[in-house]
Amino acid sequence: SSGINAEYGTFHQEYMAVPPVTRTYATACVLTTIAVQLDILSPFQLYFNQSLIWRKYQLWRLLTNFTFFGTIGFNFIFNMIFTYRQLRGTTHTMNRALLWKYLGTFTRLF
C-alpha cells in the first residue's frame, strides 16, 4: 500500500511540475481521447464545422478540434509526446510572440 502511495505521490509531483498551460492542454487531450474511446463522445461532436458553430451555437467545437488526436494507439502517443515537448519548451518562456502565433493559427480557421 505504501508503494502505491509513493508512486502516486511521485506522479502527482511530476504532473504538478509541468507548466500550467502544458498541463491543462495535455489533460484536455487525454480526457477527450478517453471519452471518445469509451463512447461517451463521438468524434463527430468534436470536429470543426463553421456552420454548426455559428448557426447551432456549438461553440465547444472551437476548442475540441484541438484536443482530439484520434483513438488511443501509437499515433496518439506520438502526437502527445510531440505536443508535450513543444509546449513544455515554450511555456517556460511564454511570451507575446508565442501568444500571437497561436492566435494567428486559430484565426486562420475562419
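Author: A polar contact is a pair of N or O atoms within 3.5 Å; within protein, one atom must be able to donate a hydrogen and the other to accept it, and residues adjacent in sequence count only if both atoms are side-chain atoms. The model is predicted, so local features need pLDDT of at least 70 and side-chain atom pairs count only at pLDDT 80 or more, while totals for chains, interfaces and linings use all residues. Residues are numbered from 1 along each chain as its sequence is written, and side-chain values use heavy atoms, with hydrogens and water left out.

Reader: Which backbone oxygen does the side chain of Arg23 reach, and at what distance?

Author: The side chain of Arg23 reaches the backbone oxygen of Val18 at 2.9 Å. Arg23 lies in helix α2, whereas Val18 belongs to the loop between α1 (2-17) and α2. Here helices (H or I, at least four residues) and strands (E, at least two) are DSSP runs, numbered from the N terminus.

Reader: Are Arg23 and Val18 buried or exposed?

Author: The scale is relative accessible area: buried means under 20%, exposed over 50%, and partly exposed in between (1.4 Å probe, protein chains only). Arg23 counts as buried because its relative accessibility is 16%. Val18 also counts as buried, because its value is 10%.

Reader: Which residues are in contact with Val18 and with Arg23, leaving aside neighbours within four places in sequence?

Author: Contact means heavy atoms within 4.5 Å. On that basis Val18 is in contact with Arg23, Tyr84 and Arg88, and Arg23 with Tyr15, Met16 and Val18. Val18 and Leu87 are 69 residues apart in sequence, yet 9.9 Å separates their C-alpha atoms. For Arg23 and Leu87, 64 residues apart, the C-alpha distance is 9.2 Å.

Reader: What share of the contacts in the protein chain with a separation of 6 or more comes from residues 24 or more positions apart?

Author: Such residues account for 58% of those contacts. The chain has six helices and zero strands, and 25% of its 110 residues are buried. Its accessible surface comes to about 8200 Å², with 65% belonging to carbon and sulfur atoms. Those areas come from the Shrake-Rupley method with a 1.4 Å probe; for residues, only the protein chains shown count as cover.

Reader: Where is Arg61 placed, and how far away is its nearest side chain of opposite charge?

Author: Lys and Arg count as positive and Asp and Glu as negative, with His and the chain ends not counted. A salt bridge is a side-chain nitrogen of Lys or Arg within 4 Å of a carboxyl oxygen of Asp or Glu. Arg61, in helix α4 (residues 61-64), is buried yet has no salt bridge, and Asp39, its nearest side chain of opposite charge, is 15 Å away.

Reader: With which side chain does the side chain of Arg61 make a polar contact?

Author: The partner is the side chain of Gln58, at 2.6 Å. Not counting residues up to four places away in sequence, Arg61 touches Phe44, Gln45, Leu46, Tyr47, Phe48, Asn49, Leu52 and Ile53.

Reader: Which residues make the nonpolar surface patch?

Author: Patches are made of residues with over 30% relative accessible area and no salt bridge; like charges are joined within 9 Å, and nonpolar side chains (Val, Leu, Ile, Met, Phe, Trp, Tyr) within 5 Å. Here Val30, Ile34, Leu38, Ile40, Leu41 and Ile72 make a nonpolar patch of about 510 Å². Ile40 is placed in the loop between α2 (20-37) and α3 (50-55), and it counts as exposed because its relative accessibility is 62%.
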